[in-house]
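Here are my notes on the model for you to read beside the structure. Keep the view open and follow the points in order.

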Amino acid sequence: MIKVFRKIRENMINENKASKYFLYALGEIILVVIGILIALQINNWNEKQKSIKDERYVLTEVLKNLEEDAGLVDEIIIQRKKAKRAINALQEFLNSETNNSDSLQFHLVNLLTFERYFPINNAYEILKSKGLQLSNNGLTTKISRYYDYEQPKMSNSILDIEVTILKIFNDRNGLVRFLSLIEKDERMVVKNPDDPIFRDELSFFLIAFQDNNGGTLEKLVLFKDINKNLREQITNELKKLN
């Protein structure tokens, strides 16, 4: 094809047809420019498709992480609700003249059991390694806030519950000295439920722990809603990308 164009050009020059040659040369330039533009368009399209594919992958992984995170939060909410009911039941026990030691041991288990929280954020780390480059800037901000602010804040609040309960078991001069049997997640038997010192110390702990547990439970429910809303937004974004 190049030889043909060269032959035509040579013929025009030999025939001294300058104006025709000029038009031909201009046509060649235009064809070259069009070819370059088409190649650039194809390259840009390929790059865009690759970027969309990468974005779909990262968002899908973030969504999976959020779903796992929500499952962990649900388990912790269940335990904090058990603890809330246990606090109420134990307060009733302390205010009652009857002695129901059978129920007491199980309420103590629910009171002094905690769930550990292991934040799941490996997909977010992948996103950060790519420079947080999402086509939806608003969604980028919300994902970043969830993992850099909301998740650590929730983790600290849950950890505070764990630390508070572990102090009970590690303090041999505290409530644990009144227990004759401790079976993890099963039962905790009190030596003498009528012991006034035991009742006073349990009452003091319940008053202090009630706000701690209640505050953490409220934060967990709010965090669950934030997680749910973020998952919905990512799901909608993935539909657009598909």
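1. **A term to start with.** An axis is a line fitted to C-alpha atoms, for helices over the stretch in contact, and angles between N-to-C directions run from 0 to 180 degrees. Keep this in hand for the helix pairs below. Note also that this is a predicted model.

2. **The overall plan.** The chain has six helices and two strands. Along the sequence, the order is α-α-α-α-α-β-β-α. The chain has 242 residues, and 33% of them count as buried.

3. **Helices α5 and α6.** Begin with α5, residues 137–170, and α6, residues 196–241. Their axes come within 10 Å. The crossing angle is roughly 155 degrees. Angles over 145 degrees count as roughly antiparallel, and α5 and α6 are therefore roughly antiparallel to each other. The crossing of α5 with α6 is left-handed. What kinds of residue make up this contact? The contact of α5 with α6 divides into 15 nonpolar, eight polar and five charged residues.

4. **Helices α4 and α5.** Now take α4, residues 122–129, with α5. The two axes come within 11 Å and cross at roughly 125 degrees. An angle of 65 to 115 degrees would count as roughly perpendicular, and one over 145 as roughly antiparallel.

5. **Aromatic pairs.** How many aromatic pairs does a search of the whole structure find? The search finds five. One of the pairs is Y146 with Y147. Their ring centres are 4.9 Å apart, with 80 degrees between the planes. Planes over 60 degrees apart count as edge-to-face, and the Y146 and Y147 pair is edge-to-face. Y146 has a relative accessible area of 1%, so Y146 is buried. Y147 is buried as well, with a relative accessible area of 4%.

6. **The cluster.** Y124, Y146, Y147 and F223 form one aromatic cluster.

7. **A charge over a ring.** Find R199 and F93. R199 lies over the face of F93, at 4.9 Å from the ring centre.

8. L220 belongs to helix α6. Is L220 buried or exposed? Its relative accessibility is 0%, so L220 counts as buried. R80 is 140 residues away from L220 along the chain. Even so, their C-alpha atoms are separated by 9.1 Å.

9. L63 is in helix α2, residues 18–95. The relative accessible area of L63 is 12%. Buried means under 20%, so L63 is buried. L63 and I234 are 171 residues apart along the chain. Their C-alpha atoms are separated by 6.8 Å.

10. **L90 and L104.** L90 also lies in helix α2. At 0% relative accessibility, L90 is another buried residue. Between L90 and L104 there are 7.1 Å in space, C-alpha to C-alpha. In sequence, L90 and L104 are 14 residues apart.

11. **I143 and L230.** I143 is part of helix α5. Its relative accessibility is 0%, so I143 counts as buried. How far apart are I143 and L230 in space, C-alpha to C-alpha? The distance is 7.4 Å, for residues that are 87 apart in sequence.

How values were computed. Residues are numbered from 1 along each chain as its sequence is written. This is a predicted model: local features need pLDDT of at least 70, side-chain atom pairs count only at pLDDT 80 or more; totals for chains, interfaces and linings use all residues. Side-chain values use heavy atoms; hydrogens and water are left out. Helices (H or I, at least four residues) and strands (E, at least two) are DSSP runs, numbered from the N terminus. Angles under 35 degrees count as roughly parallel, over 145 as roughly antiparallel, 65 to 115 as roughly perpendicular and the rest as oblique. A crossing is left-handed if the near helix is turned anticlockwise from the far one by less than a right angle, and right-handed if clockwise. Ala, Val, Leu, Ile, Met, Phe, Trp, Tyr, Cys and Pro count as nonpolar, Asp, Glu, Lys and Arg as charged, and the others, Gly among them, as polar. Rings of Phe, Tyr and Trp (its six-membered ring) pair if their centres lie within 6.5 Å; planes under 30 degrees apart count as stacked, over 60 as edge-to-face and the rest as tilted. Buried means under 20% relative accessible area, exposed over 50%, partly exposed in between (1.4 Å probe, protein chains only). A charge sits over a ring if NZ of Lys or CZ of Arg is within 6 Å of the ring centre and within 35 degrees of the ring normal.
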